[in-house]
Amino acid sequence: MRRLRLVGIVFGFSAFLLFFIAGLGQAQDTIKIGFFAPITGPAAADGMSAKHAVELGLKEVNDAGGIKGKKVELITYDDRLNPQEAVAIANKLLERDKVVGVVSGSYSGPTRVTAPIFQKAGMPMVAGYAVHPDVTWDPTQKKPNDFIFRNGYLGEVEGAAAAEFAVKNLKAKKISIISMDNDFGRAISAGFAARAEKLGSAILTKQMYKFPGEKDFRPFLTRIKEGNPDLIFAAGYYNEGASIVRQAKELGITAQILGEEGFDSPKFLEIAGPAAEGVIIATNLDRDDPRPVVQNFLSNYRKAYNEDADMVGASSYDAFMILVNAIAKVGTDPKAIQKALLETKDYNGLTGMISRFIQGEVVKPVQIQVVKGGKFRRLAVIDNPEVITPPTKQ
Amino acid sequence: MLLQQLANGIAMGSVYALVSLGLTMVYGILRILHVAHAGVYTLGAYIGLFSFRLVGDFWVSLLIGMAGSAVAGYLIERFLYSPLLHLPRIAPLIVSIGLFIALEEAFRIVAGPHTLTYNARIGIGDLSIGSFRLTETQILILFVTFAALIFLWAFLTKTRTGLAMRACAQDAETASSFGVNVKAIIAVNFLFGSAMAGAAGVLIGVYDNQVWPTMGAIPAYKALAIVVLGGLGNIPGTVLAAIGVGLAETFFIGILAIPFPRDAVAFIAMILVLMFKPYGLLGKA
């Protein structure tokens, strides 16, 4: 009996040891990249898009043999759009998962709270589409978070590009603005208004609505209708955007509606229905870009998930690939990865040709898309350097 | 523009009225703040939406949504509130809040976290005179609310059950000693109130073309403010308060262009009324 027990213990212990060694061996064989997105909660549609797109990228990298023969392993977390959750995730990625780099597939809220943590730890992070300035900037020290890079535009840049298109291409002279009252809405509408006024157009009204929560835009739109503008610049995410274009149509408003990347989702097209037709948006993905990197992504995404890719997915895919590309160049030392990212030059990204990063901010053209036949199609590309170069922060 | 804003405001106020009525009726008779009422409202929207997807006819889906909510309201009363009525009123209130949170999570798990669309054509058509537009869904909301109010009024004033209901609201014990079946009256009360909340859920689902798990969150507290504003348990006062809040919200945003969140309006009004007329707009001391 005693002997049997001893044998049991020895077996158990060796099994444990084997498991442990196997675990270690595995850890050495793969390159771990951290990833977080709002996979459940109020932004679940965007979180799933980001996750799907990054997993597609992961599959491509591993099918092509990984990075220098090593498989890439994605450590995925759900931040539920909750900054507290994101802080815990950042610490887990650093201490337990020992990743070599991080990709944010999340909004500004969760991303900006993780930025100082990764900055302090010297861990490079590429954010897919989070827009808040403090992702790449430390407001207390007044210096850039030089380990953090952003693949999406600053709100100001995207707003200015939208205004450039509204005034120069659409010849809009009288413009009304309706925007959600959060960081992104404020930044993008300020960028829009500044550029539009600089180009000589008049801003008739500028209204802010509560976010999240507003569903009834009729009082705002009735007021806009009174001024009879040529164009309405609307900022919001897909739920708000869809409600705005739908209710504007119901009220008989004929002015062109110009939205932004928050509208860039299949959910927008679904909720807005026929009212979406003809709506123009400034965004970070050109579906009609002939480059193979774009067309392959779009068709592979459709094949894998049976739905169309959106801006959020494409931007997260790009963020992941930018990081993978840097690791492929210099290996897994975080400091070297950061240096490689800083030296990025003319990178052929899914969401456009990235000329470089300035203080972590991407420099690339802004895409103007229009809804035609229930799909987003290319209308124009804004590449005026005066507009697309992010302002230097100090 | 004034006319248009008036239409926008009355439509919104009508939906508030439908939600708040059930709440005020429940308070009138049981003295319970029925927070889970907003969960019943969301349930109505989901039942309406899913039956619309099955049947394809809006009016049928509205009726099914109302019926489903009515049953849910009855079950809540029968199995959650009724056993707790001998306890201090804080006990059913806590149960109600817990139930509301549980319902929201249940909707998320069953129907998914995404916004679903309730893309129903009603078949009335828009009414447009010059630049003024009364949209199809606005006409629908006004019609349904008006019909519900007329029905409620006729029921309360012309039928014996209605009389018994009013008697119970004034003094349930005395009513009971006169042979009124108080339990049955409470059940009828919950059936009616919940059916109206269900109708409101369906109407908002169609009006905004969106149904989502937490759509009851704002109505949950706004309806409380409206009920207090109208004088707890006072039905005409609640209708007046609801329409008033809908109009005030619309006017603050659309005409005065004061950039404060619309959800504050009901509470500011509530505070003012409590300061100067503590029993509500039409309440009696």
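I began with the fold of chain B and counted 11 helices and 2 strands, taking helices (H or I, at least four residues) and strands (E, at least two) as DSSP runs numbered from the N terminus. The model is predicted, and I kept to its rule that local features need pLDDT of at least 70 and side-chain atom pairs pLDDT 80 or more, while totals for chains, interfaces and linings use all residues. Residues are numbered from 1 along each chain as its sequence is written, chains are lettered from A in the order in which they are written, and side-chain values use heavy atoms, with hydrogens and water left out.

Read along the sequence, I find the pattern α-α-α-α-β-β-α-α-α-α-α-α-α in chain B. I looked up the overall dimensions next: the C-alpha atoms of chain B fill a box of roughly 60 × 45 × 35 Å along the principal axes. Of the 285 residues of chain B, 52% count as buried, where buried means under 20% relative accessible area with a 1.4 Å probe, protein chains only.

I then turned to the interface, where 31 residues of chain B are in contact (heavy atoms within 4.5 Å) with 27 residues of chain A. The area buried between the two chains is about 2,500 Å², and carbon and sulfur atoms give 51% of that area; I take buried area as the accessible area (1.4 Å probe) that two parts lose on being put together, summed over both. On the chain B side, M1(B), Q210(B) and R262(B) lose the most area to chain A, together 18% of what that side buries.

Between chain B and chain A I noted 4 salt bridges, each a side-chain nitrogen of Lys or Arg within 4 Å of a carboxyl oxygen of Asp or Glu. The side chains of K210(A) and D263(B) meet in a salt bridge, at 2.8 Å from N to O. Among the helices of chain B that each supply at least two residues of the side touching chain A are α1 (2-30) and α8 (182-208), and α1(B) gives the most, with 4 residues.

Last, I looked up A266(B), which is found in helix α11 (residues 263-276) of chain B. A266(B) is buried, with a relative accessible area of 0%. Leaving aside neighbours within four places in sequence, I find A266(B) in contact with K222(B), A225(B) and V245(B). By C-alpha atoms, A266(B) lies 35 Å from T174(B), and the two are 92 residues apart in sequence.

Technical notes. Buried < 20%, exposed > 50% of the residue type's maximum accessible area, 1.4 Å probe, protein only.
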